[in-house]
Amino acid sequence: MEWVILAVIVVVVLAAFTTMFRKVGPNEAMIVYGWGLRESRVVKGGGTIVFPMVQTARMLSLELMSFDVA
């Protein structure tokens, strides 16, 4: 019976971490900032865990922009 309770707890913890995991593509960067960090973290082409209500993440596109100069 104890192993069933332990298995349920492990599943709940893993589900919580999967909802907090944020992934960015190869042409994006994610800036993570907030409480608990000495400085902002920049994640390029990977993923990280962002704790809700404590940290904030902003996505930044690294696509090339072109414009005409008149």
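**Core and sheet: a quick chat**

Mentor: Start with the largest nonpolar core: its 6 residues are Val24, Met30, Val32, Val43, Val50 and Ala57. Keep in mind that this is a predicted model.

Trainee: OK, take Met30. What is Met30 in contact with, leaving aside its neighbours within four places in sequence?

Mentor: Arg22, Val24, Arg41, Val42, Val43, Thr48, Ala57, Arg58 and Met59.

Trainee: And which residue stands opposite Met30 in S5?

Mentor: Met59 does.

Trainee: Over how many bridges do S2 and S5 pair?

Mentor: Strand S2, residues 28–34, pairs with S5 over 7 bridges. The sense is antiparallel.

Trainee: What's the strand order in the open sheet?

Mentor: S3-S2-S5, for 3 strands with antiparallel pairing. Strands S3 (41–44) and S5 (55–61) are the edges, and each pairs on one side only. From one strand to the next, the twist averages 20 degrees.

Trainee: New topic: Thr48. Where does Thr48 sit?

Mentor: Thr48 is in strand S4, which covers residues 47–49.

Trainee: Is Thr48 buried or exposed?

Mentor: Buried, because its relative accessibility is 13% and the cut-off for buried is under 20%.

Trainee: What does Thr48 touch, not counting residues up to four places away in sequence?

Mentor: Met20, Phe21, Arg22, Met30, Val32, Arg41 and Val43. Met30, Val32 and Val43 are also in the largest nonpolar core.

Trainee: How far apart are Thr48 and Ala16 in space?

Mentor: They are 14 Å apart, C-alpha to C-alpha. In sequence, 32 residues separate them.

Technical notes: Residues are numbered from 1 along each chain as its sequence is written. This is a predicted model: local features need pLDDT of at least 70, side-chain atom pairs count only at pLDDT 80 or more; totals for chains, interfaces and linings use all residues. Side-chain values use heavy atoms; hydrogens and water are left out. A nonpolar core is a set of buried Ala, Val, Leu, Ile, Met, Phe, Trp, Tyr and Cys residues joined through side-chain atoms within 4.5 Å. Buried means under 20% relative accessible area, exposed over 50%, partly exposed in between (1.4 Å probe, protein chains only). Contact means heavy atoms within 4.5 Å. Helices (H or I, at least four residues) and strands (E, at least two) are DSSP runs, numbered from the N terminus. Two strands pair if DSSP finds at least two bridges between them. Axes are lines fitted to C-alpha atoms, for helices over the stretch in contact, and angles run from 0 to 180 degrees between N-to-C directions.
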